[in-house]
Amino acid sequence: MRKLFFFVILFFAISANAQINPNNVKSVIITNETSLLIQTNEFQLEVIPMANEKKNAIDYFEFSYFPTNNKEKWHHSYTVTSEKRMDLLTANSLKFQKYTGGNSGTTECYFIGNYIIEIEKQPYNIVIREFKTQEATKELANQYFNSTSILRDNVGLNWINEDHKISKNFDLQEDFFIGLGEKTGPVNKKGNAYTMWNSDVPAYGLDQDPLYVSIPFFIAGNEKTVYGIYVDHTCKSHFNFGAACNYSSISVEDDHLRYYVILGKSISEVSSNYRKLTGFTPLPPKWSLGFHQSRWSYKSQDEVLTLASEFKKKNMPIDAIHLDIHYMDACKVFTFNQQQFPNPKSMVETLKKQGINIITILDPGIKVEKGYPAYESALKQNLFLKYPNGTNYEAGVWPGLCNFPDFTNPNAREWWSQSVKFYTDLGISGLWNDMNEPAAWGKEVPSYIRFNREGHLSNLTQNRNVYGMQMARATREGAEKLLNKRVFTLTRAGFAGIQRYAAVWTGDNVATDDHMMLSFKMLANMSLCGVDFVGADVGGFMNPATPELFTRWMSIAAFTPFYRAHKMIDMPSSEPWCFGDINTEINRYYMQLRYRLMPYIYSSMQQNETPVVQSIANFSNLSTANYVNAFSDKFESQFVLGKGLLIAPVRSNAKSTEVYLPQTSNSTTWYSIYNDEQYESNKSYFVNASMAQLPIFVKAGMVLPEIIPQKIENTESKSDTLNLHVYYNQSGFYEGYLYEDDGISLKNKDLPSGTIRISGNSTKQEIAFQIEKTSGFNFPYKTIQFFIHGLTESTLNNVDDMPKPRTFEVNKQLFIANSANVFETKIPHFALKQDLYKVERIHKTTQSYFKFTCAMPQESFTLKIK
Ligand code: MIG
């Protein structure tokens, strides 16, 4: 009996197998002269070339797979708007040309720009090839096999319509796979598999997957090539970069598939094109780049006011305090607890006068409660998620049983946007969206819950990943419209494009060294995927931090865009002064250093064509492939903030560490920020990493803007003097950038703003800088101080044997070195004055720099150093 059963199974297995035919290509046609339409027996594929602007090159191929019997499948994207897509389509002026030479009965070839699409017909297979140097012309056709193939489909496409799952396989030849946004594990994801499914995962593991945010975008590459793929589906999806398999694959739980192949010559260029496709991080209000203090929860108005005054007493800068769920009446969103917070409006006003902004948490669950206005109005307008029978989906969260607004319904978004008025009327312009995966007790929201999806009903599988982003969108758009100024929004869940609506923090991490080190990789990874305004809970959310861990984390996170200390309920107090005197000094020092470098941080956020937080992999030159270092677990937590400030995170108790200083295109040297010591790039070094000296390096040629207000209280603290730190670069290349505006008005063409751009070049006799100032904007500075780091007596001494530099020249006006305007100093500029704090003295003060002071010129000017 058992045997018979076995044979029956075997028979079915064989006969089922016999029905699987490979996909054969029936026809390939060029439609509208620009796209390729490929028909097979099971599906059709349209390959559409796209460009960011009118030029003779393409930036993307859109690949759209649809079932043969349903070409008109509705594809809706929350990420690539249809207007954006239209722009990209119409910007492209290049056309596919068929290659008619050769004798390829089974292969067809099409050229466009530098690319060749090669289609194998039996069975279906498609390869994108690239000519690195020339356009792919017909003349080159015979050599096309010499070109680099950048993307090879292989194994075929799994097209099983019945269970709405499509998977797509690629050859796995690339050496690295990076991206996917908020993911744990190594930077190079080769050999691993990941799922996109927004999840509430408190105290997540070091390689747990999935987390709160889904960004189905990755970059693959090797020595010869690099490309990105953005899979434009919000449904549950899977990425396998060769885990248990020789291929990499993507699969979506959907009945059609659309992805963009994103082209570019480097990792940064691909990231930049991804940003152009999905949107840039808007410039945040300046105050939101200051320090944020949070905990679950500051429970009363008095506690909050005392906390604020404590920061003043301790002389620690702060711009924001977060109110977690206890500010509400029984956790009901759009309410304040009257007993604990009797007068939120005056509290907000009082704090605002001290330069402190209140940020309130908003959870999506609306308590099912008769008479609760938010519930009543959403119920009346029929805005909640539903069971298939039309009743509202109900689940337990903080307030008790809740219904959930369906943020994929434009009416629900509009309702939420208007409801936010409750906060803006109180003067609140910081809103924190939590639990928006959505999270509910019991975790597993049933898969048949229905979503409006812009009027096209669909289920949880399709919409869960985008729920949080649509909540953030409604929050952001509502508050911005109500206040008509920049607002700060923070979200835990998100999807590709979330950068347009909110900053993202990495959820409930743990107070361990491993978590701290993991966080910086995650932030760089998110920034690679377009989300520049990112941060992790400083000090670790779960469990108490040791004094060393808290302090170390404070110092490293001072260089991450979103800088907030946050703590779990029932944990000991974790404000920056809670960890002993020496640590308090060190915390204050790094907090202040962040504020001193605020001009650089703010300008970096504004200059966001490429990632603001960069993994050192971004600096790797494809041909030299120093990825080995960039991806090694020793160095992969290192990151560069902006264009050239490298931070090497170290564990709390380390006294020294090994750092790798990557090769960059225009310089061969890095400087220690503390003592100006120079390090040749593309090498690793053991450096001091005591608690008071987090390893920080500046790229030669950088011009770092800095201010030192008399009292550093918040982002409004001003200085009359602008410091420009120039790091001497042998190669003669210099770059510096300063952007300023009022820090709060919405960015539009009427917003007064100004930039200062510094470029330079040098010969053996002199270094010349061009300082270009936009006219019409009043920078607040009266004086400008140049700090020239790295000049030695031999730098400029080929003319005679007098020590140089001897003269500084502003627009031909001469300043003689060692006069009142120019002097040499040996006191380290960026170092904590350590003797004060009984920390081991580690500075070599043998290095010196030149300091040159002049009145801030009205117009652009030149500076020559001879
Ligand atoms: O179920 O609001 O990640 O930052 O403090 C926990 C309380 C809900 C989770 C967030 C955390 C926040 C906490 N929230």
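Reader: Among contacts between residues at least 6 apart in sequence, what share joins residues at least 24 apart?

Author: The share is 70%, where a contact means heavy atoms within 4.5 Å. Please keep in mind that this is a predicted model, in which local features need pLDDT of at least 70 and side-chain atom pairs count only at pLDDT 80 or more, while totals for chains, interfaces and linings use all residues. Residues are numbered from 1 along each chain as its sequence is written, and side-chain values use heavy atoms, with hydrogens and water left out.

Reader: How many helices and strands does the chain have, and what makes a run count as one?

Author: There are 14 helices and 51 strands. Both are DSSP runs numbered from the N terminus: a helix is H or I with at least four residues, a strand is E with at least two.

Reader: What percentage of the chain is buried, and what does buried mean here?

Author: Of the 866 residues, 64% are buried. The word stands for under 20% relative accessible area, with exposed over 50% and partly exposed in between (1.4 Å probe, protein chains only).

Reader: Why is α11 called roughly parallel to α12?

Author: The axes of α11 (residues 547-557) and α12 (residues 581-596) cross at roughly 10° and come within 8 Å. Axes are lines fitted to C-alpha atoms, for helices over the stretch in contact, and angles run from 0 to 180 degrees between N-to-C directions. Angles under 35 degrees count as roughly parallel, over 145 as roughly antiparallel, 65 to 115 as roughly perpendicular, and the rest as oblique. So α11 is roughly parallel to α12.

Reader: Which residues meet where α11 contacts α12, and how do they divide by class?

Author: From α11 come Pro-547, Phe-550, Thr-551, Met-554, Ser-555 and Ala-557; they meet Asn-583, Ile-586, Asn-587, Tyr-590, Met-591 and Arg-594 of α12. By class, this contact of α11 with α12 has seven nonpolar, four polar and one charged residues. Here Ala, Val, Leu, Ile, Met, Phe, Trp, Tyr, Cys and Pro are nonpolar, Asp, Glu, Lys and Arg are charged, and the others, Gly among them, are polar.

Reader: How do you know that the buried residues of α5 line one face of the helix?

Author: Helix α5 (residues 344-353) has Pro-344, Met-347, Val-348 and Leu-351 as its buried residues. Seen down the axis of α5, they fall within an arc of 95°, so they line one face of the helix. The arc is that of the directions from the helix axis to the C-beta atoms. Their cover includes α4 (301-313), β20 (320-323) and β21 (357-362). After α5 comes Gly-355, with a positive phi near 80°.

Reader: And what makes the buried residues of α6 line one face?

Author: In α6 (residues 373-380), Ala-374, Tyr-375 and Ala-378 are buried. Down the axis of α6 these buried residues fall within an arc of 95°, so they line one face of the helix. On the other side of α6, Pro-373 and Lys-380 are exposed. The buried residues of α6 are covered by elements including β22 (366-367), β24 (400-403) and α7 (410-419).

Reader: How do you know that Cys-331 is in no disulfide?

Author: The cut-off for a disulfide is a pair of cysteine sulfur atoms within 2.5 Å. A search of the whole structure finds zero disulfides. For Cys-331, the nearest cysteine sulfur is that of Cys-402, at 9.1 Å.

Reader: Why does Cys-331 count as buried?

Author: Its relative accessibility is 18%, so Cys-331 counts as buried. Cys-854, at 9%, counts as buried too.

Reader: Why is Lys-443 called partly exposed?

Author: Lys-443 has 44% relative accessibility, so it counts as partly exposed. This residue sits in the loop between β25 (430-433) and β26 (450-451), and its phi is positive, near 70°, though it is a residue other than glycine.

Reader: What makes Asn-543 partly exposed?

Author: At 40% relative accessibility, Asn-543 counts as partly exposed. Asn-543 lies in the loop between β31 (534-535) and α11 and has a positive phi of about 70° although it is not a glycine.

Reader: Where are cis peptide bonds found?

Author: One joins Asp-209 and Pro-210, with omega about -5°. Another runs from Trp-296 to Ser-297, with omega near -10°. Most peptide bonds are trans.
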